[in-house]
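Biologist: I would like to learn how to read a protein model feature by feature, with the general idea before each case. Could we go through one slowly together?

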Amino acid sequence: MNFFDRKKLYQQIERDRDTKVLAFITSNRANMETMIAQDCIDPFVDLLEKVGPTRQISLILHTNGGQTLAAWRLVNLIRIFCDELEVLIPSQALSAGTLIAIGADRLVMTKQAALGPIDPSINNPLNPQTTIRGQVVQVPVSVESVRGYLNAAREELQIKGEQALTSVLLNLTTHIHPLVLGEIFRSQAQIRYLANKLLPRQVSNPDQIKSVIDFLCADSGSHDYTINRREASELGLKVEKPNDALYKLLRKINLSYTEELALLKPFSAQAVLHDVEIHKPVSYSITRGLVEGTGGGCYGFVSEGTLKKVAIQTGQGSQEAVKDDRTFEGWKKLHDNSNR
């Protein structure tokens with residue numbers, strides 16, 4: 001199933017719910033993950049201009065999250081074009097995806113759908129680094145991980161006194177740059193402010209708004225915590241259970257983009273190069289995200305380049321590694337409605 005098959009499913013939802021459908025999918029494929037970022041705005045602007053002002057937009061959302069301010073900007077952009085916004089979640093809308101979800105007038109969640117905490121993780125050039133399969137990668141730093149370390153020092157290990165606590169903090173800064181720590185706590189205040197601005201469309205009581213934000217930002221205990229449909233409703237969010245017809249449509253859509261983006265197949269450069277001789281490049285083009293609608297076609301977030309085996313010198317002698325020469329990465333139009 002491809003975009004044109006999904007388009008027919010979107011059109012059925014539009015007829016059944018008197019709405020206009022957009023879909024935003026970011027890949028959670030292992031080793032080819034894609035996050036919500038500011039660069040998704042231009043594809044959405046193009047599709048929204050095709051939609052024009054309308055009564056309601058239904059955003060089908062699948063994501064592990066991404067940049068807080070990109071999510072904030074996107075939900076406000078979509079709202080300019082509609083009176084009501086509903087977010088349809090076939091599988092997951094985590095982290096910044098949850099921030100988009102709480103900015104809607106209501107959520108439609110399948111029985112397997114999940115939201116998640118919105119406590120931010122920082123990806124900064126100054127972040128700690130580690131080596132995985134011969135490649136240096138940056139390690140995201142979350143607010144709750146830092147807070148958990150400091151709380152454990154004070155409460156679990158009973159470290160007391162100004163000098164001792166200063167030593168704990170100085171030890172932390174040897175692993176995490178002080179500017180990253182500053183950005184972490186600044187972003188925590190920011191995401192609470194944004195959530196407080198978005199939630200009143202679903203939750204009217206100020207005390208309940210605070211309770212929801214506390215849970216999403218801290219009380220859930222871990223960024224990996226998932227919130228199912230029942231718990232989302234118990235928190236006070238406006239959650240709708242899809243009827244059988246809508247569930248079947250959302251399930252088909254989920255299976256379609258899962259297959260197209262190979263979400264269940266971890267990407268392995270070593271597997272791609274398994275039978276390829278050293279220094280021989282192999283071209284690749286991998287779609288890692290989708291922004292699509294019934295009126296504006298389909299955009300894909302695409303990574304293109306070449307892979308090749310190379311020999312590197314280490315303390316243990318020559319070892320084989322993979323070189324990724326990426327020639328393009330970004331959103332591009334994959335299908336116009338005029339294509340079919």
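**Reading buried cysteines and packed helices**

Modeller: Let us begin with Cys82, which is buried, with a relative accessible area of 7%; buried means under 20% relative accessible area, exposed means over 50%, and partly exposed lies in between, computed with a 1.4 Å probe and protein chains only. Cys40 also counts as buried, because its relative accessibility is 0%. This is a predicted model, in which local features need pLDDT of at least 70 and side-chain atom pairs count only at pLDDT 80 or more, while totals for chains, interfaces and linings use all residues. Residues are numbered from 1 along each chain as its sequence is written, and side-chain values use heavy atoms, with hydrogens and water left out.

Biologist: How many disulfides does the structure hold?

Modeller: In general, a disulfide is a covalent bond between the sulfur atoms of two cysteines. With the cut-off that the pair of cysteine sulfur atoms lies within 2.5 Å, the structure holds zero disulfides.

Biologist: What does the secondary structure of the chain come to?

Modeller: The chain has 11 helices and 14 strands, where helices (H or I, at least four residues) and strands (E, at least two) are DSSP runs numbered from the N terminus. Of the 340 residues of the chain, 49% count as buried.

Biologist: At what angle do α3 and α7 pack, and how far apart are their axes?

Modeller: Two packed helices are described by the angle between their axes and the distance between the axes. Here α3 and helix α7 (residues 178-198) pack at about 15°, with their axes 11 Å apart, the axes being lines fitted to C-alpha atoms, for helices over the stretch in contact, and the angles running from 0 to 180 degrees between N-to-C directions. That makes α3 roughly parallel to α7, since angles under 35 degrees count as roughly parallel, over 145 as roughly antiparallel, 65 to 115 as roughly perpendicular and the rest as oblique.

Biologist: Which residues meet in that contact?

Modeller: Thr68, Leu69, Trp72 and Val75 in α3 meet Gln190, Ile191, Leu194, Lys197 and Leu198 in α7, where contact means heavy atoms within 4.5 Å. The residues of this contact of α3 with α7 divide into six nonpolar, two polar and one charged; Ala, Val, Leu, Ile, Met, Phe, Trp, Tyr, Cys and Pro count as nonpolar, Asp, Glu, Lys and Arg as charged, and the others, Gly among them, as polar.

Biologist: Where does Leu69 lie, and what does Leu69 touch?

Modeller: Leu69 lies in helix α3 (residues 68-80) and counts as partly exposed, because its relative accessibility is 39%. Leaving out residues up to four places away in sequence, Leu69 touches Gln38, Gln190 and Leu194. Leu69 and Ile191 are 122 residues apart in sequence and 8.6 Å apart in space, C-alpha to C-alpha.

Biologist: How do the axes of α2 and α3 cross?

Modeller: The axes of α2 and α3 come within 11 Å and cross at roughly 5°. That makes α2 roughly parallel to α3. In this pair, Ile41, Phe44, Val45 and Leu48 in α2 meet Ala70, Arg73, Leu74, Leu77 and Ile78 in α3, and the residues of the contact divide into eight nonpolar, no polar and one charged.

Biologist: What is phi of Asp18, and where is Asp18 found?

Modeller: Most residues other than glycine have a negative phi, and most peptide bonds are trans. Phi of Asp18 is near 50°, a positive value in a residue other than glycine, and Asp18 is found in the loop between α1 (3-17) and β1. Asp18 is exposed, with a relative accessible area of 53%.
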